Amino acid sequence: MKTLLRPALSIFIALSLITGVLYPLAVTAIGRIGFSQQAAGSVIMINGNAVGSRWIGQNFSKPEYFWGRLSATAPQPYNAGASSGSNLGPLNPALIDSVKARIASLQAVDANNPLPIPVDLVTASGSGLDPEISPAAARYQIARVATARKVSTDAVSALVEQNTQGRQFRIFGEPRVNVLALNIALDKLH
Amino acid sequence: MTAHAWLILSLLLGSVWLLAKPLGIYIANIMAGRFSFATRIEAIIYRVCGVRATEEMHWSRYALSILLFSLLGSLFVYALQRMQLLLPLNPQQLANVSADSAFNTALSFVSNTNWQGYSGETTMSYLTQMLALTVQNFLSAATGIAVVIALIRGFARHSVASIGNAWADITRATLFILLPLALLLALIFIAQGAIQNFSAYKNVTTLEATTFETPKLDDAGQLQKDAGGNTLTETQTTTSQSLPMGPLASQEAIKMLGTNGGGFFNANSAHPYENPTPFSNFLQMLAIFLIPAALCYTFGHSVGDTRQGWAILAAMTLLFLAFVIPGTYFEQQGNSQLAALGVDQSANALQPGGNMEGKETRFGIAESALFTAVTTAASCGAVNNMHDSLTPLGGLVPLALMQMGEVVFGGVGSGLYGMLIFALLAVFIAGLMIGRTPEYLGKKIEAYDMKMISLAILITPLLALAGTAIAAVATQGKVGVFNPGAHGFSEIFYAFTSAANNNGSAFAGLSANTPFYNVMLGAAMWLGRFAVIVPVLAIAGSLAAKKRLSTNAGTMPTHGPLFVVLLIGTVILVGALNYVPGLALGPIVEHLQFTVR
């Protein structure tokens, strides 16, 4: 047994130091040199203030902003310190209630919208921090935002267009609109 | 399936098949110590550690080494969690982890399961993430590679008593297979947007204030209730958002490559910092399948007939296709109850449509459903969407993939040794049908081997089914259930299936961070790993000692389509016989309710 314990212990220590100390430090050092913005969280600065991250969604409920996905994080939505999905099953009445409540709040500020409501606008994301919505979900909100801001729908449409990304390298993922970037651009419109 | 879904599926499997041969040859040579750059580096480590790496081990000594090494790892992971508040690199001052949760996490990461009862961002210090969890991401995967290489030696050698040296195998797998690939992948993840730093969490001021309700607490910190017993709440407003930080990318890379799957944060690969772009998502899926597929080639290469390896890989790929295609289809169908509310779930150029609950916009349906199948076919268990919110049959897919014993690609090393055990069983069944002594690759399969094969195959269904049965009737088990009805049973069934098969994904609504679940699932994970590894090594030892028979007219070829079909049939038969009753009670009942409405 003793002839096994010594190599077990020493190999464990040696490999722990290599994979648990040297490796993460090396990745950190190269990351800081090569990709300092990303490694630090892609924080967006406006006039010297940190207003968010390119990757982390924020909660919007005013009619003059575009709204993102529903967020099931606790206690408040888009709590970046506690990522979580809703975990509601497809037959759970609570799921249907939350969809109904969302439809009601969308219609409360935009009663005469003739467009069908896109599914991503009434469902919670897996992380609770999804920064993006589908182009359909953005289009659904253009008229409401334009009315609330008293600007032309063309101006808002143009901003949506500018903030829409296609599939990555034309192949991967879904077309999408970054909600925080779009809302920052809207605020600059005035 | 949409055209986009077919494209990504083809790209993924095409890349896996293309890379299997070069990486497979590299692994074979590294593990045999044929590269001088590698032997020079490892010689330094062996000298410092006082290890005689050329000393050949009998299977029992090999198994004892693996067990001891894993036990040491578990103790260390447990200890570090229990005293993280006293140690450096804990800027958020996260408390020491509770005893039962630390026990569960230690067994979870050492057994390559990486089931998570905790939320990373509110539980684990940066030191614990690096020195305990990242390390076990490497070492548990290296252990899997070591065991399968030992088994392959059993087939390749003849008339010898030994199956290699465990220390050399673990060291080589860690330093020369996992580490370089992880370094490369971690840097690509950072370039895509993943974080890697040691800062405290960053507070930012949001554009709009968020108003929300929180439960009202009295001076003693207890919930306040009104006369009717309802919890009182108070309204709060905040414009602050706390962005979590940490050394994430380095752990993310090995989390996928080692088929570990334990997320740095609670939302795992759905979290934008863990998996920021569709391209990082594709690389994560590729990283999961990369080594398990390459090991199939290593196997064929090492036994001197590469067709044997391709046959195994073909069986894995066909099984995978049989599940991923319906899984994607059912998720794309969406939820008829939402359609009744006028919600648009169609797939078109402007939206992915389908069942988007629990899914991220950037991945849509195609790349979420594909990820779900990949992560459960392989025993990874990382998730980029919440499996608890899958449609009933969309959720049956990951359950069934795990229940086939994690042999469809499977875990790093464990997938192939599991599949080779099924290959031995398939050969045995075929032998019974034609009345000949079964043999595989010139090795006669005898009574002792069959006993070990039965043990290795039956231990995981026993753990999964017995655990589910106990939790489904025990009060402590039932209180954890989140969703009502058949889906609630599926949550328990999924948890024990995932633990016993060392997957680690969850129907995460289940409140599993309780002493009951932490202990039950911890035991299932440990036994599901090591009660399989020991018989597998016993088979390796037995095979190595046998003579190799030459092929003759009566030998069943094990490289052609006939054998591939036989192998697939065996895997499905064993899985179905064990689990169909459970599946009927969970996802199938739920599907009937789902379609009736």
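Tutor: Gladly, and let us start with the strand pair between the chains: β3(A) and strand β3 (residues 343-344) of chain B pair in the parallel sense over two bridges. This is a predicted model, in which local features need pLDDT of at least 70, side-chain atom pairs count only at pLDDT 80 or more, and totals for chains, interfaces and linings use all residues. Residues are numbered from 1 along each chain as its sequence is written, while chains are lettered from A and ligands numbered from 1 in the order in which they are written.

Student: What makes β3(A) and β3(B) a pair?

Tutor: Two strands pair if DSSP finds at least two bridges between them, and β3(A) and β3(B) have two bridges. In this pairing, I117(A) stands opposite V343(B). Helices (H or I, at least four residues) and strands (E, at least two) are DSSP runs, numbered from the N terminus.

Student: How many residues does each chain bring to the contact?

Tutor: Chain A gives 93 residues and chain B gives 106, where contact means that the C-beta atoms, placed from the backbone, lie within 7 Å. On the side of chain A that touches chain B, elements supplying at least two residues each include α1 (2-34), α3 (93-108) and α4 (135-149). The largest share, 21 residues, comes from α1(A). That side of chain A divides into 50 nonpolar, 33 polar and 10 charged residues; Ala, Val, Leu, Ile, Met, Phe, Trp, Tyr, Cys and Pro count as nonpolar, Asp, Glu, Lys and Arg as charged, and the others, Gly among them, as polar.

Student: Why is L399(B) called buried?

Tutor: A residue is buried if 20 or more other C-beta atoms lie within 10 Å of its own, exposed if 12 or fewer, and partly exposed in between, with C-beta atoms placed from the backbone. L399(B) has 24 C-beta neighbours inside 10 Å, so it counts as buried. L399(B) lies in helix α13 (residues 392-403) of chain B.

Student: Which residues is L399(B) in contact with, leaving aside neighbours within four places in sequence?

Tutor: They are Y494(B), T497(B), L583(B) and P587(B). The C-alpha atoms of L399(B) and Y579(B) are 9.6 Å apart, although 180 residues separate the two along the chain.

Student: How do you know that the span of α2(B) agrees with its residue count?

Tutor: The expected span of a helix is 1.5 Å times one less than its number of residues. For the 14 residues of α2(B) (residues 36-49) that should be 20 Å, and the end C-alpha atoms are 20 Å apart, so the two agree. Just after α2(B), G50(B) takes a positive phi of about 65°.

Student: What makes β4 and β5 of chain A edge strands?

Tutor: The open sheet of three strands runs in the order β4-β6-β5 (chain A), with antiparallel pairing. β4(A) and β5(A) each have a single partner strand, so one side of each is left without a neighbour in the sheet. β5(A) meets β6(A) (residues 176-178) over two bridges, with Q165(A) opposite R176(A).

Student: And what sense does the pairing of β1(A) and β2(A) have, parallel or antiparallel?

Tutor: Antiparallel, over four bridges; I44(A) has G52(A) as its bridge partner. Their hairpin has two residues between the strands, and N47(A) takes a positive phi near 50° there.

Key: Contact = placed C-beta atoms within 7 Å.
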